[in-house]
Amino acid sequence: MNEIVQQSDTLQAIKDSVASTVNSVSGELPDLHFTLENITQDSLIITVLGYTIVFLSLLFLFVVFLNITKIINYNVRKKLKESGKLTEENNEVSISGEVTAAISMALVLHFREVHDFESTIITIKKVQRPYSPWSSKIYGLRQYPGKR
């Protein structure tokens, strides 16, 4: 009885293998069916854990980028307090948009001037070389040395 069950399993495996081979030879894709029974508890845990890690990372990056100006201003304010340049009356550290635009434009103009402009005229000068037998084809091998 046990041998019959094993033979039927073997026959079913051979039948499935032949069917998949025939489908692959004919170019058809094998039938794939979604069944809820194939989803295990481990796969659900891995999926939920993966999504949680990704969304928590995105939330962390959102918070960091949202508060990056505050962090930079805090560091600038701390350095100005240490150097004594920041007073109680002049507590404003932020830079306005117009000042930022003016600084950016000045940097662009400065770096454009740094670039050297090359002439667009290309000249090819022929270099005269003295005769050298080392590169002459006259002295090259045209025949096999041992052949007579």
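A search of the whole structure, a predicted model, turns up one aromatic pair (ring centres of Phe, Tyr or the six-membered ring of Trp within 6.5 Å; planes under 30 degrees apart count as stacked, over 60 as edge-to-face, the rest as tilted). The partners are Tyr51 and Phe55, which are stacked, with 6.5 Å from centre to centre and 15° between the planes. Both residues sit in helix H2, four residues apart, or about one turn of the helix. Tyr51 and Phe55 are both exposed (over 50% relative accessible area; buried is under 20%, partly exposed in between, with a 1.4 Å probe and protein chains only).

As for ground rules, residues are numbered from 1 along each chain as its sequence is written. Local features need pLDDT of at least 70 and side-chain atom pairs count only at pLDDT 80 or more, while totals for chains, interfaces and linings use all residues; side-chain values use heavy atoms, with hydrogens and water left out.

Tyr51 and Phe55 also turn up in a nonpolar surface patch of about 1100 Å², whose other members include Leu58, Ile68 and Val76. Patch residues have over 30% relative accessible area and no salt bridge, with nonpolar side chains (Val, Leu, Ile, Met, Phe, Trp, Tyr) joined within 5 Å and like charges within 9 Å; a salt bridge is a side-chain nitrogen of Lys or Arg within 4 Å of a carboxyl oxygen of Asp or Glu. Helices H2 (41-66) and H3 (68-83) are the elements that give two or more residues to the patch, and H2 gives the most, with eight. Val76 belongs to H3 and is partly exposed, at 34% relative accessible area.

H3 has 16 residues and, at 1.5 Å a residue, should span 22 Å; the 23 Å between its end C-alpha atoms agrees (the expected span is 1.5 Å times one less than the number of residues). After H3 comes Gly84, with a positive phi near 85°.

Overall, the protein has four helices and zero strands (DSSP runs, H or I of at least four residues and E of at least two, numbered from the N terminus). The accessible surface is about 15300 Å², with 63% belonging to carbon and sulfur atoms (Shrake-Rupley method, 1.4 Å probe; for residues, only the protein chains shown count as cover).

Mean pLDDT (the predictor's confidence in each residue, from 0 to 100) is 79, and 76% of the residues score at least 70. Where pLDDT is low, the predicted coordinates should not be read in detail.
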